[in-house]
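Reader: I would like to go through the labels attached to this model one by one, and to hear for each which value and which cut-off stand behind it.

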Amino acid sequence: MSDLPDTRVVMIGRDGCHLCDVAREVIERVVGETGDSFAEVDIDADPALARWTDEVPVTFVDGRQHDYWRVDEGRLRAALEG
């Protein structure tokens with residue numbers, strides 16, 4: 001997706017989203033161990049991302065959608081190592 005930052009892992013989220021808070025913790029833990037880059041995008045600040053509004057948090061790895069609503073730590077780690 002060209003609208004997303006050019007980084008290994010991207011999460012589309014929003015303020016006040018408890019699922020986003022949990023997903024962020026998982027992502028930060030995994031990328032902290034793997035050394036990969038992580039960026040977060042506020043869905044409410046970019047109307048171009050509105051199509052994801054019912055699925056936040058949405059995570060992308062290498063520009064491809066990886067998960068939505070929840071981030072499975074093992075699955076994310078496997079995607080980054082594979």
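Reader: Where is W69 found, and what makes it count as partly exposed?

Author: W69 is found in the loop between β4 and α2, where helices (H or I, at least four residues) and strands (E, at least two) are DSSP runs, numbered from the N terminus. Its relative accessibility is 42%, and since buried means under 20% relative accessible area, exposed over 50% and partly exposed in between (1.4 Å probe, protein chains only), W69 counts as partly exposed. Phi of W69 is near 70 degrees, a positive value in a residue other than glycine.

Reader: On what basis are such values given?

Author: This is a predicted model, in which local features need pLDDT of at least 70 and side-chain atom pairs count only at pLDDT 80 or more, whereas totals for chains, interfaces and linings use all residues. Residues are numbered from 1 along each chain as its sequence is written, and side-chain values use heavy atoms, with hydrogens and water left out.

Reader: Why is D62 called partly exposed, and what is its phi?

Author: D62, in the loop between β3 and β4, has a relative accessibility of 49%, and therefore counts as partly exposed. Its phi is positive, about 55 degrees, although D62 is not a glycine. Most residues other than glycine have a negative phi, and most peptide bonds are trans. The peptide bond from V56 to P57, however, is cis, with omega near -5 degrees, and P57 lies in the loop between β2 and β3.

Reader: Why is I43 called buried, and with which residues is it in contact?

Author: I43 has a relative accessible area of 5%, so it is buried, and it too lies in the loop between β2 and β3. Leaving aside neighbours within four places in sequence, I43 is in contact (heavy atoms within 4.5 Å) with I12, G13, R14, L49, W52, T53 and V56. I43 and I12 are 31 residues apart in sequence, yet their C-alpha atoms are 5.9 Å apart in space.

Reader: What makes β2 and β4 edge strands?

Author: The open sheet has four strands in the order β2-β1-β3-β4, with mixed pairing, and two strands pair if DSSP finds at least two bridges between them. β2 (38-42) and β4 (64-68) each have a single partner strand, so one side of each is left without a neighbour in the sheet. As for the pairing, five bridges join β1 to β2, which run parallel, while β1 (residues 9-13) and β3 (residues 58-61) pair in the antiparallel sense over four bridges.

Reader: How do you know that β1 is largely enclosed?

Author: Five of the five residues of β1 are buried, so the strand is largely enclosed by the rest of the structure. Both of its faces are covered, with V9, M11 and G13 buried on one side and V10 and I12 on the other.

Reader: How is the packing of α1 and α2 described?

Author: The axes of α1 and α2 come within 10 Å and cross at roughly 35 degrees, where axes are lines fitted to C-alpha atoms, for helices over the stretch in contact, and angles run from 0 to 180 degrees between N-to-C directions. Among the residues that meet are V26, V30 and V31 in α1 and L76 and L80 in α2.

Reader: How many disulfides are found?

Author: A search of the whole structure finds zero disulfides, a disulfide being a pair of cysteine sulfur atoms within 2.5 Å. C17, at 11% relative accessibility, counts as buried, and C20 is buried with a relative accessible area of 0%.
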